[in-house]
Amino acid sequence: MYPVLNELPNKSDSKPLPIVVIGNGPSGICLSYLLSGYVPYIKRGSVHPHPILQGKLEETPEVSIVDQDLEYLSEGLEGRSQSPVALLFDTLLRPDTDFGGTAESVLTWGHETNRAIPHLVLGRNPPGGAWHFIEGSMITLSQGEWMGLPDLQFIDWMRKRRRSLRNNRATAEDIAQYYQHYVAKKGLQKNFSCGTVVTSVRKVSPDANSSYALQDPKIRDSVWDFPKKEKEGDQTASGNLFQVDGFIKNIDGGQKPFSIYAKNVVLATGTYDSPTKLGVNGEDLPFVHHKLSALEEAVRNKRIGMTSDPILIVGAGLTAADAILFAHHCNIPVIHAFRRRVDDPGLIFNQLPKMMYPEYHKVHQMMKEQSVACPGPYEYYISLPEHHVLSFRKNKKCVFQDKSGHKKVFNISMAFVLIGSNPNLSFLPNNGIDLAIDIEQPVNSKRNPINVDPFTYECVQEKGLYAVGPLAGDNFVRFVQGGALAVASSLLKKANKNPP
């Protein structure tokens, strides 16, 4: 069981919480583990295959990783992430995994309860975040061993459940259950409040009576600005105090509001919330959808089948590929439209090893060999490369334009626009745009993440506010854990929880 509203601290309490984490996916879970007194040390006698890193680790083997200079340790590391701390933590947990090796982690974990920092992790669903939204049978892109969290290998957990990986990859259902088990196994439940929806995060200022009141954003230069407190020694004098408002969903469907204060807030909400839209006429018509689950539901309810007009799938990412595979398996005719060339090096299929991802390679082959201009061997499928949608019509016709400017019209039964998703940061001032690298554009995990310090993950624009996971540009579970390490290291220093 996870805490309900009545167990949440309220703003009438005398002291604010040191940390509130918004989002209970892998980033939030890993951070909670590190804030609960679990401390990583280099395992005695272990040798890391990276000789320069091994030399650095030998300099102070008695000092935990969280207390060392993360910038120094991560210098010179290379890999599949742009984050130096993500690469560091990943290579400590999985030393040679990118080369197909199976070397054990060089880390050992101690539980030092005196170093735990009180914190609260808020999430809409059970621990695991968006993994509970994904169709349970879907296979992960990442290898199974890359989905695990510190000190509890995912593969070991699967073996104990007598479950096996498919082509070294796991189902979304397995992943979601593993994350729930991890929270219980590590004793983190007391830090989690599930069924909670955050509606507002604002910086606050105490009034003369020491009760907290929101600043009026209309009279500030920035909605995050906070005036210096004159009274020395006041716990809010630094200005880093946030009010977190929201509600908790009751079992009977009702909602109960909450309001709490925190000295630090960590944004870990991911990007699954809000599907990206095309922005064309007719996109709000009832036969146009933006989630893969709508296709699964339509097949289950027999609204579409092999004799229907084709469904339209828009997009050239892995979600679109999953939809094509699903429709192909059900013999449902598909028109597949995407803007890129099939040989575009930026296309995800051109970056995946064929042996490891045969089903996605099959989709890529269909895209190349079965275009409308060149019929191929695949039934029930037509690809429209370098096409974009101009509009949807009420009579279920879709108008396209090709690279030459020619227009084409196709009859369809349903449309599925699967071109990515954006984070829902409506609970932040200005939807969090002021925190992004480009403050003129919305936050986007791939093109415009939140601007954070690479070694603490604290927001450059707002002290006391942190961002981890996709919000900070880390889009794979194996790499979001480095962000959690950076945040934990920073917060331990702030709380003076570092050893002498």
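This is a predicted model: local features need pLDDT of at least 70, side-chain atom pairs count only at pLDDT 80 or more; totals for chains, interfaces and linings use all residues.
**Aromatic pairs and an open sheet**

Let me begin with Tyr182, which is buried, its relative accessible area being 0%.

If we take ring centres within 6.5 Å as the criterion for a pair, the count comes to 8 aromatic pairs. One of these joins Tyr33 and Tyr38, whose ring centres are 4.2 Å apart and whose planes stand at 15°, so that this pair is stacked; Tyr33 and Tyr38 are both buried. For Tyr178 and Tyr182, the centres lie 6.2 Å apart with the planes at 55°, and the pair is therefore tilted.

A ring contact of another kind involves Lys56, whose charged end sits over the ring of Tyr72, 4.8 Å from the ring centre.

Let me turn now to the sheet, which is open and has 5 strands, paired in parallel in the order β11-β18-β12-β13-β14. Because β11 (288–289) and β14 (381–385) each have a single partner strand, they stand at the edges, with one side of each left without a neighbour in the sheet. Within the sheet, β12 (residues 311–314) pairs with β18 (residues 415–417) in the parallel sense over 3 bridges, and Leu312 has Ala415 of β18 as its bridge partner. Helix α8, residues 318–329, packs on this sheet and touches β12, β13 (334–338) and β14, its direction making about 155° with that of β12.

Technical notes:
Residues are numbered from 1 along each chain as its sequence is written. Side-chain values use heavy atoms; hydrogens and water are left out. Rings of Phe, Tyr and Trp (its six-membered ring) pair if their centres lie within 6.5 Å; planes under 30 degrees apart count as stacked, over 60 as edge-to-face and the rest as tilted. Buried means under 20% relative accessible area, exposed over 50%, partly exposed in between (1.4 Å probe, protein chains only). A charge sits over a ring if NZ of Lys or CZ of Arg is within 6 Å of the ring centre and within 35 degrees of the ring normal. Two strands pair if DSSP finds at least two bridges between them. Helices (H or I, at least four residues) and strands (E, at least two) are DSSP runs, numbered from the N terminus. Contact means heavy atoms within 4.5 Å. Axes are lines fitted to C-alpha atoms, for helices over the stretch in contact, and angles run from 0 to 180 degrees between N-to-C directions.
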